[in-house]
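Student: Before we start, please show me the sequence and the structure. I would like to go through them one question at a time.

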Amino acid sequence: MGRAVIDHPPSFQPLSLASLGWSDFFEVQREPHEADLAPMRIATLHRSRLTALSEAGSVELTLAIHASTSDFTVGDWVLVDPRTQTVHRRLSRRTVMERRTEGSRTLQAAAANVDTLFIVTSCNADFNPARLERYLALANQGGTIPVILLTKADTTADLGTYQRQASELQRGLDVVTLNPRLSAAADALAPWCGLGQTVALVGSSGVGKSTLVNTLVGPGQAQAQLTGGIREHDAKGRHTTTSRSLHAIADGGWVIDTPGMRTLHVSGAAEGIETLFAEIIERAPLCRYRDCTHTSEPGCAVQAAVADGSLAPERLIRWRKLFDENRTNTPTPAGPRSHRRPRR
Ligand SMILES: Nc1nc2c(ncn2[C@@H]2O[C@H](COP(=O)(O)OP(=O)(O)O)[C@@H](O)[C@H]2O)c(=O)[nH]1
Ligand SMILES: [Mg+2]
Ligand SMILES: [Zn+2]
């Protein structure tokens, strides 16, 4: 017999797959012989323990002998044998938030199938364009739509400057100013939190992420987050938020608090960086040299934009730093890079 379905909240309602975030992207991955397997979404991950949400509620999953919990992350869709609750396989991810584990070059999935990444920063010393750009590159690369959330607007006299700087970070970027402690914050984020939508939160410690999760989830929910002064610490004394799980948003949708996304090394993010710095990338084809580094080459269209004031010099410096870092961190299977070559 399979394991019992666990910890239904008292008001448990069956969940439709669509309300869990299921879509055609996942449906088309099911093979005809997999028709009897149940799609389930990974909800929590604790070392050797995996739980998922299914149409029948919350389920504790069993892994096949050669599988490891590290093959999965919160938000993943898996096909499960409903009799044994054993995971048959993980479906391909539509989006993925990846981080590099400390001291390692390998990327680890921190959350999967996230539709919108809320990048949270407060209107004070935490606000740092270079760091926000790293989060943006990460979101772009993983296929997740980024939105900047500005908190602690009540503590600054200069809100307009923060808002302007934030919206200039990437073309078409949405910036929302809110106070995570007020229920109006949930209303402001409703456009991204509809039925079946998944959002994740990243940002420094203390900017209001846990407070916002609590506000989105609503009062009286079991999985409230620790906020403010109540902190958990790991063995090295660093602040950690230990729970990494899908929380149901009061009016539909799901929110994932993503701890451990604070060390932001970029790697394999070339396309994400191009989207982020579109105004620089677009000018590059106008440079005389195809592989112009936009430093001091003659006929550089990017330097020309800096000279005529249409491109901020700091922006170009930050682009180069991120570009170089990404190139250093990204293994190149194709061997040595091509030699410098003039366009004409
Ligand atoms: N004044 C003010 N305080 C806020 C705001 N957002 C968060 N806080 C406070 O900042 C502290 C840290 O919030 P927390 O949610 O724990 O941040 P986290 O580390 O990002 O999860 C808490 O005491 C919150 O009440 C805001 O917009 N205004
Ligand atoms: Mg927190
Ligand atoms: Zn150039």
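Student: Which residue in strand 3 stands opposite Leu 53?
Tutor: Helices (H or I, at least four residues) and strands (E, at least two) are DSSP runs, numbered from the N terminus. Strand 2 covers residues 49–54, and four bridges join it, antiparallel, to strand 3. In strand 3, the residue opposite Leu 53 is Ser 58.

Student: In what order do the strands of the open sheet of five strands lie?
Tutor: This is a predicted model, in which local features need pLDDT of at least 70 and side-chain atom pairs count only at pLDDT 80 or more, while totals for chains, interfaces and linings use all residues. Residues are numbered from 1 along each chain as its sequence is written, and chains are lettered from A and ligands numbered from 1 in the order in which they are written. Two strands pair if DSSP finds at least two bridges between them. The pairing in this sheet is antiparallel, and its order is 3-2-1-4-5.

Student: Which strands are the edge strands of the six-stranded open sheet?
Tutor: The pairing there is mixed, and the order is 10-9-8-11-15-14. Neighbouring strands are turned by 30 degrees against each other on average, direction ignored. Pairing on one side only marks the edge strands, which are strand 10 (174–177) and strand 14 (246–248).

Student: How many residues of strand 8 are buried?
Tutor: A residue is buried if 20 or more other C-beta atoms lie within 10 Å of its own, exposed if 12 or fewer, and partly exposed in between, with C-beta atoms placed from the backbone. Thr 116, Phe 118, Val 120 and Ser 122 point one way from strand 8, while Leu 117, Ile 119 and Thr 121 point the other way, and all are buried. The count of buried residues in strand 8 is seven of seven.

Student: Which residue of strand 9 is the bridge partner of Ser 122?
Tutor: Strand 8 and strand 9 run parallel and are joined by seven bridges. In strand 9, the partner of Ser 122 is Thr 151.

Student: Which residue in strand 11 is the bridge partner of Ile 119?
Tutor: Strand 8 (residues 116–122) runs parallel to strand 11 (residues 198–202), with four bridges between them. For Ile 119, the partner in strand 11 is Val 202.

Student: What angle does the direction of helix 5 make with that of strand 15?
Tutor: Helix 5 (residues 209–217) packs on the sheet and touches strand 8, strand 11, strand 14 and strand 15 (254–257). Its direction makes with that of strand 15 an angle of about 160 degrees.

Student: Which residues touch the most other members of the largest nonpolar core?
Tutor: A nonpolar core is a set of buried Ala, Val, Leu, Ile, Met, Phe, Trp, Tyr and Cys residues joined through C-beta atoms within 7 Å. The largest one has 77 residues. Those touching the most other members are Ala 52, Val 78, Ile 119 and Ala 200.

Student: How far is Ala 269 from Asn 140 in space?
Tutor: Ala 269 is found in the loop between strand 15 and helix 6 (270–276). It counts as buried because 25 C-beta neighbours lie inside 10 Å. Ala 269 and Asn 140 are 129 residues apart in sequence, and their C-alpha to C-alpha distance is 8.3 Å.

Student: What is the phi of Asn 113?
Tutor: Asn 113 is found in the loop between strand 7 (107–112) and strand 8. With 29 C-beta neighbours inside 10 Å, Asn 113 counts as buried. Its phi is positive in a residue other than glycine, with a value near 55 degrees.

Key: Axes fitted to C-alpha atoms, helices over the stretch in contact; angles between N-to-C directions. Contact = placed C-beta atoms within 7 Å.
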